[in-house]
Amino acid sequence: MKPVHIVSTRNPFNQSDKSVQQVKFSAVMTVEGYIRQSPIFFDGEHYFVTVNGGLVDKKDYRTITINEGSYVTICPVITMGGGKKKKNIISLIAGLALAY
C-alpha cells in the first residue's frame, strides 16, 4: 500500500517552514485522524485542510476517508487583529501553493 503524505505548513508565507511526512494508510481513518498526526496539530486551532488539492469542509473531517497515496495538506488559519479568527483567502492560497 502507498503511504499517505501529510504536508504541514506552519507559516503559509514562508515556504521553508513546512514538514512533509509519510504515514501508513488506513482504509478506516478519516481526515481528522490524519490531521491529528500532523506536527502542527493543536486542539482548538483552526486549519485549512485539502486532500489532493480539494478543500475539505471542517464539518466533514470526521466522516471523509481518503485513498492510499493521497496528499493531505494542513495550513493554520491566520488570525486577524481584534482576537477574532477569520478565514484569510491569502493564507489558503499560500498553503495550497506550498503543498505542491
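User: Which residue forms a salt bridge with aspartate 17, and how far apart are the closest N and O atoms?

Analyst: The model is predicted, so the distance is one computed from predicted coordinates. The salt bridge is formed with arginine 10, and the closest N and O atoms are 3.9 Å apart.

User: Where do arginine 62 and glutamate 32 lie, and how many residues apart in sequence are the parts that the pair ties together?

Analyst: The side chains of arginine 62 and glutamate 32 meet in a salt bridge, at 3.2 Å from N to O. Arginine 62 lies in the loop between strand E4 (54–55) and strand E5 (71–76), whereas glutamate 32 belongs to helix H1 (residues 31–36). The pair therefore ties together parts whose separation in sequence is 30 residues.

User: Is lysine 59 buried or exposed?

Analyst: Lysine 59 forms a salt bridge with aspartate 60, the closest N and O atoms being 3.5 Å apart. Aspartate 60 is partly exposed, with a relative accessible area of 23%. Lysine 59 has a relative accessibility of 63%, and because the cut-off for the exposed class is over 50%, lysine 59 counts as exposed.

User: How many salt bridges does the count come to?

Analyst: Side chains of opposite charge can pair when their charged atoms come close. The pairs described so far are aspartate 17 with arginine 10, arginine 62 with glutamate 32, and lysine 59 with aspartate 60. The count of salt bridges comes to three.

User: Turning to the fold, what is the order of the strands in the open sheet?

Analyst: The chain has two helices and five strands, which follow one another along the sequence in the pattern β-β-α-β-β-β-α. The edge positions of the sheet are taken by strand E2 (18–23) and E4, each of which pairs on one side only. The open sheet of five strands has mixed pairing, and its order is E2-E1-E5-E3-E4.

User: In which sense, parallel or antiparallel, do strand E1 and E5 pair?

Analyst: Strands of a sheet pair through backbone hydrogen bonds, either parallel or antiparallel. E1 and E2 pair in the antiparallel sense over six bridges, with valine 4 standing opposite valine 23 in E2. Towards E5, histidine 5 of the chain stands opposite tyrosine 71, and valine 7 stands opposite threonine 73. Strand E1 (residues 4–9) and E5 are joined over four bridges, and their sense is parallel.

User: Which residue in E5 is the bridge partner of threonine 50?

Analyst: E3 and E5 pair in the antiparallel sense over five bridges. The residue of E5 that stands opposite valine 7 is also the bridge partner of threonine 50, namely threonine 73.

User: How many of the residues of E1 are buried?

Analyst: In a regular strand the side chains alternate between the two faces of the sheet. In E1, Val4, Ile6 and Ser8 point one way while His5, Val7 and Thr9 point the other way, and all are buried. E5 is likewise largely enclosed by the rest of the structure, because five of its six residues are buried. E1 is mostly covered, and the number of its buried residues is six of six.

User: What is the angle between the planes of phenylalanine 41 and tyrosine 47?

Analyst: The count of aromatic pairs comes to one. Phenylalanine 41 and tyrosine 47 form this pair, which is stacked, with 6.2 Å from centre to centre and an angle between the planes of 25°.

Terms used: Residues are numbered from 1 along each chain as its sequence is written. This is a predicted model: local features need pLDDT of at least 70, side-chain atom pairs count only at pLDDT 80 or more; totals for chains, interfaces and linings use all residues. Side-chain values use heavy atoms; hydrogens and water are left out. A salt bridge is a side-chain nitrogen of Lys or Arg within 4 Å of a carboxyl oxygen of Asp or Glu. Buried means under 20% relative accessible area, exposed over 50%, partly exposed in between (1.4 Å probe, protein chains only). Two strands pair if DSSP finds at least two bridges between them. Rings of Phe, Tyr and Trp (its six-membered ring) pair if their centres lie within 6.5 Å; planes under 30 degrees apart count as stacked, over 60 as edge-to-face and the rest as tilted.
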